[in-house]
Amino acid sequence: MDTIEYSSRDKELANKIKAISDEAKPEDCYTCIKCTNGCPANKIFEGFAPHKIQVAAHMGFVEDLIESGILWYCMNCLTCQTRCPMNTSPVQTISSLTNIAVNRGIAPPKVFTEMIRAVKANGAIIQPREAQTTDFDFLTREDLELPARGIKDPEKFQEALKIVGADQVLEIKKAEEEK
Ligand code: SF4
Ligand code: SF4
């Protein structure tokens with residue numbers, strides 16, 4: 001997996017996290033490691049540790065965190081935030097850092113942009129599949145009298161995606177893919 005190489009320290013850049021999120025508070029972390037002990041991403045990717053990200057962000061290693069690619073392993077489950085005895089939020093630090101990355105023109109890994117593309121096109125990451133019965137019959141949502149799926153108001157939906165930065169991310173990825 002990606003690893004962080006600490007080399008570039010910039011306290012000014014660390015202040016940007018504060019500007020984005022007042023919940024992140026990496027400066028209040030006292031490295032009890034409760035966040036990392038409950039982090040599902042840490043169980044899969046050993047090198048991913050929210051307490052280390054808090055400390056590195058507070059110390060100003062923002063550039064290194066962004067460049068490492070490690071931030072994208074976070075599953076946004078919020079466990080770290082709920083477990084923190086200091087009421088800090090590693091996940092908010094991570095989100096702030098990914099925001100800084102995108103604003104600098106760094107696109108997330110392909111798996112993210114593919115999910116965004118799917119949501120933009122169909123309103124969902126995964127399309128509904130037919131259900132299989134014990135008699136090996138296949139039933140559609142219609143067969144099961146389930147409501148139709150899809151985007152109710154395409155215009156408003158696209159507008160909302162634009163506001164959350166989906167289009168910006170896709171443009172960055174497109175430029176990267178065309179290089
Ligand atoms: S739980 Fe909170 S105080 Fe403990 S290491 Fe994680 S961020 Fe720091
Ligand atoms: S939100 Fe991210 S960093 Fe926090 S516990 Fe979940 S996966 Fe780990």
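**Close-up views of a predicted model**

View 1. Arg 117 and Glu 114 both sit in helix α8, three residues apart, about one turn of the helix. Helices here are DSSP runs of H or I with at least four residues, numbered from the N terminus. The two side chains meet in a salt bridge (2.8 Å, N to O). A salt bridge is a side-chain nitrogen of Lys or Arg within 4 Å of a carboxyl oxygen of Asp or Glu. Arg 117 is partly exposed, at 27% relative accessible area. Glu 114 is partly exposed too, at 36%. Buried means under 20% relative accessible area, exposed means over 50%, and partly exposed lies in between (1.4 Å probe, protein chains only).

This is a predicted model: local features need pLDDT of at least 70, side-chain atom pairs count only at pLDDT 80 or more, and totals for chains, interfaces and linings use all residues. Residues are numbered from 1 along each chain as its sequence is written, chains are lettered from A and ligands numbered from 1 in the order in which they are written, and side-chain values use heavy atoms, leaving out hydrogens and water.

View 2. Glu 63 pairs with Arg 104 in a salt bridge, with the closest N and O atoms 2.4 Å apart. Glu 63 lies in helix α5, and Arg 104 in the loop between α7 and α8, 41 residues apart. Glu 63 is partly exposed, at 22% relative accessible area. Arg 104 is partly exposed, at 39%. The structure holds six salt bridges.

View 3. Lys 174 forms a salt bridge with Glu 178, and their closest N and O atoms are 3.7 Å apart. The two are separated by about one helical turn, because they are four residues apart in α10 (residues 166–178). Glu 178 counts as exposed, at 59% relative accessibility.

**View 4. The shell around ligand 1.** The shell has 14 residues, and Cys 29, Cys 32, Ile 33, Cys 35 and Cys 84 come nearest. A residue is near a molecule if one of its heavy atoms lies within 4 Å of it. Helices α2 (34–37) and α4 (50–59) each supply at least two shell residues.

**View 5. The shell around ligand 2.** Here too the shell has 14 residues, and Cys 39, Cys 74, Met 75, Cys 77 and Cys 80 come nearest. Helices α3 (40–44), α6 (79–83) and α7 each give at least two residues.
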